[in-house]
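Reader: I've got a structure to go through and I'd like to know what stands behind each label. Can we take it one label at a time?

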Amino acid sequence: MPLPTRPLRKLGFLTIGLFDGDDPRPGHESTLRIIELGERLGFDSAWVRHRHLQYGISSPVAVLAAASQRTTRIELGTAVTPLAWENPLRLAEDLATVDILSGGRLNAGISVGPPFHFDQIKDALYPGTADLQDFGYERVSRLLSFVRGEPATDFSGTEGFEVFSDRVQPHSPGLGSRLWYGGGSLRSARWAGEHGMNLLTSSVVKAEDSVDFADIQLSHVRAFRAEHPDGERARVSQGLVVIPTDSATPEQRVRYEEYAAKRLPRTAEPQGPGRLLFAPDLVGSSAEIAGRLYAHAAFREIDEVAFALPFTFEHEDYVQILTDIATKLGPELGWSPTEQPGDAALHAAG
């Protein structure tokens, strides 16, 4: 069995946070409970997907603000926030606020490109100015500059009883090093590296010169690090869908395998005009999944993961999957859970 070139250092998970449109609170509460469970299991990070005009979390920043008050250690991330829906200055304020509230635990993942179904929502999102919007990398550059503390205005000082700053407030100095770009193309990987960001890779890539998913993703990782000031030390996180079945019931295993089977045809060839290529979902025992990951060319060159939870499962399924990832799959990959507060004292006393 081939081995990765570096040990797995950080283990995270990603959830979409589904809810019932007629009763949205239970779904949001379930997401918060899953994040709390992740911390208890020792996960290094929990990430929330971003969904607009759907029954998934539309405001991850608000949800993570709540999560920051119910956890103490686990890092909290967005994977990813589509900047086409955001004002970079306002988003910089929100991100910095949550980072301050969490004690410096926020990982902000972002992406660019026009919103899905833009023609249908542009009048609601940008009435009168839709044709003037720039949905490219310049939008990321603005966010980077604001988060990193560069001036947002040429005015500062005191006016009457009001004091004004020329940069976004609050300013969280460490947040600039925890900005992630969610990239699925070679161009995006290079751009993220050139601008000193971290790179989020997922289960979707653009098939540009190949139709081998692992080889394409590996090319992105290497291109990113070739451009990044930190070189081989530049941070990359991989986000494949993994569903370990070690402690699953027979009924759960059947549902998990049916879920993956329905999604498998889309992995056979590039999809749509964007030539999107999807990775197969990994279902099986932790030992089986570890073997498939060790054989994955891109996985062998990263030391961080944020495994994606399936979209449509029940809360109890997520509990089982997360528990198996932390207690079975993580150790198979050489990962050890982070000590919880008080663990060291307990071990010393014992």
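This is a predicted model: local features need pLDDT of at least 70, side-chain atom pairs count only at pLDDT 80 or more; totals for chains, interfaces and linings use all residues.

Reader: What makes β1 and β2 a pair of strands?

Author: The bridge count. Pairing needs at least two bridges, and β1 and β2 (residues 45–48) have four, in the parallel sense. So they pass as a pair by that rule. One of the contacts to look for is Gly12, whose bridge partner in β2 is Ser45. Over on β14, Glu304 stands opposite Lys10.

Reader: What sort of unit do β1, helix α1 and β2 make?

Author: A right-handed β-α-β unit, with α1 covering residues 25–41.

Reader: Why is β1 called mostly covered?

Author: Six of its six residues, 10–15, are buried. Lys10, Gly12 and Leu14 point one way, while Leu11, Phe13 and Thr15 point the other, and all are buried.

Reader: How do you know that Trp47 and Trp180 are edge-to-face?

Author: Two numbers settle it. A pair of aromatic rings is described by the distance of the centres and the angle of the planes. Here the centres are 5.7 Å apart and the planes 90 degrees apart. The limits are 6.5 Å for a pair and over 60 degrees for edge-to-face, so both conditions hold. It's one of 14 aromatic pairs in the structure.

Reader: What does that pair tie together?

Author: Trp47 sits in strand β2 and Trp180 in strand β7 (residues 179–182), so the pair links parts that are 133 residues apart in sequence.

Reader: Why are Trp47 and Trp180 called buried?

Author: Trp47 has a relative accessible area of 4%, and Trp180 has 0%. Buried means under 20%, so both qualify.

Reader: Which residues make up the ring cluster?

Author: Tyr256, Tyr259, Phe313 and Tyr318, linked by ring pairs. There's also a charge over a ring: the charged end of Arg263 sits over Phe311, 6.0 Å from the ring centre.

Reader: Why is helix α5 said to be largely enclosed?

Author: Because eight of its eleven residues (137–147) are buried. The buried ones are Tyr137, Arg139, Val140, Leu143, Leu144, Ser145, Phe146 and Val147. Their cover includes α3 (88–102), β4 (106–111), β7 and α6 (186–194). Just after the helix, Gly149 takes a positive phi of about 90 degrees.

Reader: How far is Ser336 from Asp44 in sequence and in space?

Author: The two are 292 residues apart in sequence and 10.0 Å apart in space, C-alpha to C-alpha.

Key
Residues are numbered from 1 along each chain as its sequence is written. Side-chain values use heavy atoms; hydrogens and water are left out. Buried means under 20% relative accessible area, exposed over 50%, partly exposed in between (1.4 Å probe, protein chains only). Helices (H or I, at least four residues) and strands (E, at least two) are DSSP runs, numbered from the N terminus. A crossover is right-handed if, with the strands pointing away from the viewer, the path from the first strand over the helix to the second runs clockwise. Rings of Phe, Tyr and Trp (its six-membered ring) pair if their centres lie within 6.5 Å; planes under 30 degrees apart count as stacked, over 60 as edge-to-face and the rest as tilted. A charge sits over a ring if NZ of Lys or CZ of Arg is within 6 Å of the ring centre and within 35 degrees of the ring normal. Contact means heavy atoms within 4.5 Å.
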